[in-house]
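Hello,

Here is the structure I promised to pass on. Please open it first, then read my notes below.

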Amino acid sequence: ANSPSVLTVNGYHISGTPVHQLDSGHLSLRKASGDPQVSFGEKAKQWYLRININCVTFPHPDIMPEQQLLKPSEWSYCDYFWADKKDSQGNNTVSGFEILLQKQLKGKQMQKEMAEFIRERIKIEEEYAKNLSKLSQNSLAAQEEGTLGEAWAQLKKSLADEAEVHLKFSSKLQSEVEKPLLNFRENFKKDMKKCDHHIADLRKHLASRYAAVEKARKALTERQKDLEMKTQQLEVKLSNKTEEEIKKARRKSTQAGDDLMRCVDLYNQAQSKWFEEMVTTTLELERLEVERVEMIRQHLCQYTQLRHETDMFNQSTVELVDQLLRKVDPAKDRELWVKEHKTGDIRPVDMEI
């Protein structure tokens, strides 16, 4: 995992990038508690090699073993979004948290668009039901008689029944699918904005702490150079500097070292706070995404269930039509028609003379 690191060496908690830029030959720091001086040689300097990305300190891959994932068995948000990356145009830097936030907002937008899709389906169903109902009242072929006429009349009535089925389907789509999709996490965008501001404020605080470390590091470098120059001048007797001046320069250098360690400690505290909040927040974003996907899955399952029920009811509306069509009997129809419309059953005979 590319998570930020904090190093403890000889009692100091140090995030290395601000320190490793110093020449180890000039670095002589003392604990504020008054312990003996701690000199860092070339070997110790290696512990301070770090990679800094936008004021966040990461372990150098050449000298640090790969960090253990926080959730090794999962591709969890909390393990893979610590560093920043270039945007799609390669111009601006986007934080890992911002990428996660964009994912959440995109998910919310997809949810909204799914609801709009269902709304369009509802409109189609409503219009279809309206047209079916209108067609069922059409008078075309209304004078068909007999068993075929009964089947035809039932076929037209089945359109009215089917219209009712589709109207109920559209109503259930609205109440059981579209409305829940629209209402799920109504304040989501506001909550995400609040969360974004919180993490951004922590990053700003971290950046200010890093700037303080850099300032203290430069101050220490200047104090060490001044001490080294005065010491060399005294040794070669190129100056009449007194031993007291050398002690004064050493005290300033030591104080600068203490200031640097204090700034590094404050930086580490700020980074630790940001680290903890990032873990907590990314896990929460992950939970929300799982919840969103599961919610949509459930309501789409409800959609398919309603669709199956609609097909079943539609089938029932034509079952009576099928039964009547199977009973259509041309001979019986002819008999009934003849009985109703006959003009007589006496046939003409030949004329006789």
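**Salt bridges**

Glu 74 and Lys 71 join their side chains in a salt bridge, at 3.4 Å from N to O. By salt bridge I mean a side-chain nitrogen of Lys or Arg within 4 Å of a carboxyl oxygen of Asp or Glu. Before going on: this is a predicted model, where local features need pLDDT of at least 70 and side-chain atom pairs count only at pLDDT 80 or more, while totals for chains, interfaces and linings use all residues. Residues are numbered from 1 along each chain as its sequence is written, and side-chain values use heavy atoms, with hydrogens and water left out.

Back to that pair. Glu 74 counts as partly exposed because its relative accessibility is 37%. Lys 71 is partly exposed too, at 22%. The cut-offs are under 20% relative accessible area for buried, over 50% for exposed, and partly exposed in between (1.4 Å probe, protein chains only).

The structure holds 19 salt bridges. Another of them pairs Lys 273 with Glu 277, with the closest N and O atoms 3.3 Å apart. These two are four residues apart in helix 7, so about one helical turn separates them. Helices (H or I, at least four residues) and strands (E, at least two) are DSSP runs, numbered from the N terminus. Lys 273 is partly exposed at 39%. Glu 277 counts as buried, at 19%.

Lys 339 is exposed, with a relative accessible area of 55%. Glu 335 is partly exposed, at 42%.

There is also a network of salt bridges. It links Arg 185, Glu 284, Arg 287 and Glu 291.

Asp 333 sits in helix 8, which spans residues 330-341.

**Nonpolar cores**

A nonpolar core is a set of buried Ala, Val, Leu, Ile, Met, Phe, Trp, Tyr and Cys residues joined through side-chain atoms within 4.5 Å. The largest one has 29 residues, and Phe 97 and Trp 274 touch the most other members. At least two residues each come from strand 6 (56-59), helix 4 (96-136), helix 6 (188-235) and helix 7 (243-326). Helix 7 gives the most, with 11 residues.

Phe 97 has contacts beyond four places in sequence, including Phe 81, Cys 195, Ile 199, Met 278 and Leu 285. Apart from this core lies another, of 12 residues, among them Ala 115, Ile 118, Ile 122 and Leu 173.

**A nonpolar surface patch**

Met 110, Met 114 and Leu 300 form a nonpolar patch on the surface. Together they have about 210 Å² of accessible area (Shrake-Rupley method, 1.4 Å probe; for residues, only the protein chains shown count as cover). Patches take residues with over 30% relative accessible area and no salt bridge, joining like charges within 9 Å and nonpolar side chains (Val, Leu, Ile, Met, Phe, Trp, Tyr) within 5 Å. Met 114 is in helix 4. At 31% relative accessibility, Met 114 is partly exposed.

Best wishes

Terms used
Contact = heavy atoms within 4.5 Å.
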